[in-house]
Amino acid sequence: MHLFDDIKSPILLYLKGGLFALLAGMAAVLIVIADNRWYKIGLLIVCVWASCRFYYFLFYVLDHYVGGDKNASVFAMILKLCEKKSEMTQAIKLSMYVAISLDGFIARPDGNIDWLTEHGSQDDLENDDGYKEFLASVDALVMGGKTYRQVLTFGDWPYHGKKCVVVSRTETKTDLPDVFFKTHSPEKIVQRLQNAGCRHIWVMGGGEIHSLFLQAGLIDEMRIFVIPKILGEGIPLFAPPVPDVRWKLLSQTEWQANIVELRYRRQD
């Protein structure tokens, strides 16, 4: 394992690199003021060791976070790091993109979503250019364990190349490289994805995940596709408790198979 590979947060990574620089600097100062020859030798060893670690840190960041030239000067690396930090502080967007029945359910009581394909409605949505454009804009997905297991029944994993956080206490293992199982709070999940460079997160569901992120005030936009079907009972779009939040209707669009898209943005 690489010296810095176990550090997931860029802030902790920079802190560790800074400590090496501080240690090298302090050792250099003490070399100058120390009287004992053996102290000087010991401090010199510490200074060289810490300096090597610090430059190792710079090249690691250059390779893994910046993507620059290894022959670049330290000043150029610092400039690139500042640019990277600026990118990380940019706004992050969380969206819901979900189909519901006329009576507000996203699935039958057992989680079955066969009703979405009764009239080709699921295919109409997924083959639409609007869905493809939305999916292309997404950097990461967040879903619950039940939704994850449901997606696995579709066949090939449809979200290759995108980070996927599964909020579950029961699921722990997968062969998929970009799928991670977490039990963190919505705020911590979003922070970690933002630190990883994600700018657009799809809060996929199900109802409990929708509610958790809604209660945390993290959902920015909802794109709800109303399917002309009444289920009578099932899993609701939001699992109670649901906060009292006002939303602004941005647009409404009629698609094939009598599907209507309602697009909302949170009113702050």
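Strand β7 (residues 221–226) and strand β10 (residues 260–266) run antiparallel, joined by 6 bridges. Two strands count as paired if DSSP finds at least two bridges between them. V226 has V260 as its bridge partner in β10. This is a predicted model: local features need pLDDT of at least 70, side-chain atom pairs count only at pLDDT 80 or more, and totals for chains, interfaces and linings use all residues. Residues are numbered from 1 along each chain as its sequence is written, and side-chain values use heavy atoms, with hydrogens and water left out.

**The sheet**
- The open sheet has 8 strands in the order β5-β4-β3-β6-β1-β7-β10-β9, and its pairing is mixed.
- β5 and β9 (247–254) stand at the edges with a single partner strand each, so one side of each has no neighbour in the sheet.
- From one strand to the next, the twist averages 20°.
- Strands are DSSP runs of E with at least two residues; helices are runs of H or I with at least four; both are numbered from the N terminus.
- Strands of a sheet pair through backbone hydrogen bonds, either parallel or antiparallel.

**Strand β3**
- β3 is mostly covered, with 5 of its 5 residues buried.
- Buried means under 20% relative accessible area, exposed over 50%, and partly exposed in between (1.4 Å probe, protein chains only).
- A140, V142 and G144 are buried on one side of β3, and L141 and M143 on the other.
- In a regular strand the side chains alternate between the two faces of the sheet.
- β3 runs parallel to β4, joined by 5 bridges; L141 stands opposite C164 in β4.
- β3 also pairs with β6 in the parallel sense, over 4 bridges; M143 stands opposite G205 in β6.

**Helices on the sheet**
- Helix α5 (residues 129–137) lies across β1 (93–100), β6 and β7, at about 115° to β6.
- α6 packs on the sheet and touches β3, β4, β5 and β6, its direction making about 110° with that of β3.
- Contact means heavy atoms within 4.5 Å.
- Axes are lines fitted to C-alpha atoms, for helices over the stretch in contact; angles run from 0 to 180 degrees between N-to-C directions.

**Helix α6**
- G145, T147, Y148 and V151 are the buried residues of α6 (residues 145–152).
- Seen down the axis of α6, these residues fall within an arc of 160°, so they line one face of the helix.
- That arc is taken from the directions from the helix axis to the C-beta atoms.
- Their cover includes β3 (140–144), β4 (163–167), β5 (179–182) and β6 (200–205).
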